[in-house]
Amino acid sequence: MATVTLENITRSFKQTKVISDITFQVPDGEFWVLVGPSGCGKSTILRSIAGLETITEGKLYFDGGLMNNIPARERNVAMVFQNYALYPHLNVAQNLGFGLKMRGVNKSIINEKVEFVSGILDINHLLHRKPKDLSGGQQQRVALGRAIIRQPQVFLLDEPLSNLDAQLRDQTRTELKKLHQKVGITTIYVTHDQVEAMTLGDRIVVLDKGKIQQIGTPAEIYHHPVNRMVATFLGTPAMNIIPVTYHDGALWINERQSLSLTPLWQKKISPRNGQGWDLGIRPEHIQAFINDDNVSDNDILVQVEVIEPLGKEVLISAVIVDSDININLQLPMEKFARNLPQLDRLRITFSLDDAHIFDPITGAIECPLY
């Protein structure tokens, strides 16, 4: 195992920077997740750590040792890709032990390690099967086993669950978490799936356009995003963004609908008439009412467009009346079950204590309203 340190890492292709000034340190034995939209540079970072990409600028260290010029084969890194790349003519046991065999490891030691790793991954009953006889989840476990059997310093995973169906992905994600708890290898995991990032990572590195946006625990990033990109990328459904303009003590959405600010909030954000912001509120923090009863002064009228029942909850896509602002609601099913077929308009309300306010141009958080 090793502590992995990246210092101002940059990777350029023909004068274009794919990643820029990437700096973070993964402590020995921790599980970190790199997450971001497609093309943000997360796989390039992973390949740079593995030695499959040449670092243009910056320094990479394993336990304080400079790795920039160390060939990939000498870095003691194991990597698992989207496709499992198992040898079709070898059975599971032979696939697991192939890397050790190529290194000249004694056959009895290989057999011992194969038995140990297959037991951890619960694939010891599959050792004599060929890859074509395995399910996608079983093939993925064999690929993981082939990587960890070498006992690498660093374990790198590049979207390893993307080829699995939803149910199997959830199951394998749980197994990955258990596996890391057992073997404790320093792990860096790349995904575009924010659910995987939130559930797997000790810490998350959020990337966009080749740059780090925020590093933190899943809870820190979810509750205290530093900008609009992070706020809207993490969370299902995504955080709602409502453009508002301040005027005479209220945040106005349009000419008819506004959110009143208390003197405390006016003092906190020091607004001026005509000032605009992007107000962020998560779907689960919104309350909804079918009629006018129990509605606060800050109620907003929305037009229901799509209803998605999910058992315990119902997701509703709506648009704020007299605007083109879309808003997602996550509401308890028991409250709306009877009225779902005829839901047309709702009145919604939320506390500004649960909201965030972002600069409408830069997207930076200007004043977290909590």
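Is Asp122 buried, partly exposed or exposed, and what is its relative accessibility? Good morning. The structure I present today is a predicted model. To return to the opening question, Asp122 has a relative accessibility of 46%, so it counts as partly exposed, because that class covers values between 20% and 50%.

Asp122 lies in the loop that links α3, residues 107-120, with α4, residues 136-148. Its phi angle is positive, at about 55 degrees, even though Asp122 is not a glycine.

A further residue with a positive phi is Gln151, which is not a glycine either; its phi is near 50 degrees. Gln151 sits in the loop between α4 and β7, the latter being residues 154-158. How accessible is Gln151? Its relative accessibility is 55%, and Gln151 therefore counts as exposed, because the cut-off for that class is over 50%.

I now turn to two prolines. The peptide bond that joins Thr236 to Pro237 is cis, and its omega is near -5 degrees. Pro237 belongs to the loop between α8, residues 228-233, and β11, residues 240-247.

Which residues does Pro309 contact, if neighbours within four places in sequence are left aside? They are Val314, Met333 and Leu340. Finally, consider Pro309 together with Pro332: the two are 23 residues apart along the chain, and their C-alpha atoms are separated by 9.8 Å.

Thank you for your attention.

Notes. Residues numbered from 1 in each chain as written. Predicted model: local features only at pLDDT ≥ 70, side-chain atom pairs only at ≥ 80, totals over all residues. Heavy atoms only, no water. Helix = DSSP H or I, 4+ residues; strand = E, 2+ residues; numbered from the N terminus. Buried < 20%, exposed > 50% of the residue type's maximum accessible area, 1.4 Å probe, protein only. Contact = heavy atoms within 4.5 Å.
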